[in-house]
Amino acid sequence: MTTPHIVVHRDAGVLAQAVAARIITRLVDVQAATGTASIVLTGGTVGIATLAAIAASPARDAVDWRHLDIWWGDERFVPTGDPERNETGAREALLDHVDVDPERVHVMRGPDSGLSAEESADAYAAELLKAARPEDHGPVPQFDVMLLGMGPDAHVASLFPGLPALYDTRSVVAVHGSPKPPPTRISLTLPTIQAAREVWVVAAGEEKASAVRLALSDSGPVQVPAAGARGRSRTLFLLDRAAAGKIPSELGRIASP
């Protein structure tokens, strides 16, 4: 796994703008090289603010949205259109404002689909397997960008400290008993996260500072899931100053005054 590179921005607003610019640049570069690209989206306050910043950016049309595969790292197991769903927030902030190919927007299905949480996880795993190419050398694509938020408990996606999902080697799992409501969720697992070419952990706020410090230490991912959030080619921790407040200053590069 790659060693994280840390970039610290002044505040949450600047962080969202900066991550948005990074995403646009990364997707344009990948599409210029290969003709297509893939991204895994996250929810949360900064995650959705980042998507809104992409939508508002004059550079957004440099991305070929029709040739972008869009996935999610996790989803709350609630019906389509529910405001709790990460998909709902992503559509409102960005996807409804750009010319995406509906066939390339890969949603995790909710209970209104008639599937159980386990069946929804299995269906998503099958979709990932179908999208994987021989050069990916595994059951999931090597995503070009994996965006992950992080909770104060150091959870990423819906992988919470100590829960069975952290031991699971399947690509996607149903999560029951989440300490954050709603209790039932669908989540990518650590092996799927670690298959991504680039993993970007985005965190803002003083309440995340201890989790950030642990995620960048030698902690194990069962108790500190974010410690297992690492990409094959690159890992970025993109933080605001408050979230970076407990890491040694020499580790982080201040990107904005």
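Predicted model: local features only at pLDDT ≥ 70, side-chain atom pairs only at ≥ 80, totals over all residues.
Student: Which residues of H4 are buried?

Tutor: The buried residues of H4 are Ala 117, Ser 120, Ala 121, Tyr 124, Ala 125 and Leu 128. Because they cover an arc of only 140 degrees around the axis, they sit on the same side of H4.

Student: Why do residues three or four places apart point the same way?

Tutor: An α-helix has 3.6 residues a turn, so residues with that spacing point the same way.

Student: And what is exposed on the other side of H4?

Tutor: Leu 129 and Lys 130 are exposed there, on the other side of H4.

Student: What covers the buried residues?

Tutor: The cover of the buried residues of H4 includes strand E3 (68-72), strand E6 (172-175) and strand E7 (185-188). The helix lies across E6 and E7, and H4 runs at about 165 degrees to E6.

Student: Switching to rings, how many aromatic pairs does the structure hold?

Tutor: The structure holds two aromatic pairs. In one of them, the rings of Trp 71 and Tyr 124 have their centres 5.7 Å apart and their planes at 80 degrees, so this pair is edge-to-face. Since Trp 71 lies in strand E3 and Tyr 124 in helix H4, the pair ties together parts that are 53 residues apart in sequence.

Student: Is Trp 71 buried or exposed?

Tutor: Trp 71 counts as buried, because its relative accessibility is 2%, and buried means under 20%. Trp 71 also forms an edge-to-face aromatic pair with Phe 143, at 6.2 Å centre to centre and with 65 degrees between the planes. Phe 143 is in the loop between H4 and strand E5 (145-149) while Trp 71 is in strand E3, so this pair ties together parts that are 72 residues apart in sequence.

Student: So which residues do the ring pairs link into a cluster?

Tutor: Ring pairs link Trp 71, Tyr 124 and Phe 143 into a cluster. Phe 143 is buried as well, with a relative accessible area of 0%.

Student: Last topic, what is the strand order in the open sheet?

Tutor: The open sheet has three strands in the order E4-E7-E6, with antiparallel pairing. Strand E4 (74-76) and E6 are the edge strands, each pairing on one side only.

Student: How many bridges join E4 to E7?

Tutor: Three bridges join these antiparallel strands, E4 and E7, and Arg 76 has Arg 185 in E7 as its bridge partner.

How values were computed
Residues numbered from 1 in each chain as written. Heavy atoms only, no water. Buried < 20%, exposed > 50% of the residue type's maximum accessible area, 1.4 Å probe, protein only. Helix = DSSP H or I, 4+ residues; strand = E, 2+ residues; numbered from the N terminus. Arc of directions from axis to C-beta. Contact = heavy atoms within 4.5 Å. Phe/Tyr/Trp six-rings, centres within 6.5 Å; stacked < 30°, edge-to-face > 60°. Pairing = 2+ DSSP bridges. Axes fitted to C-alpha atoms, helices over the stretch in contact; angles between N-to-C directions.
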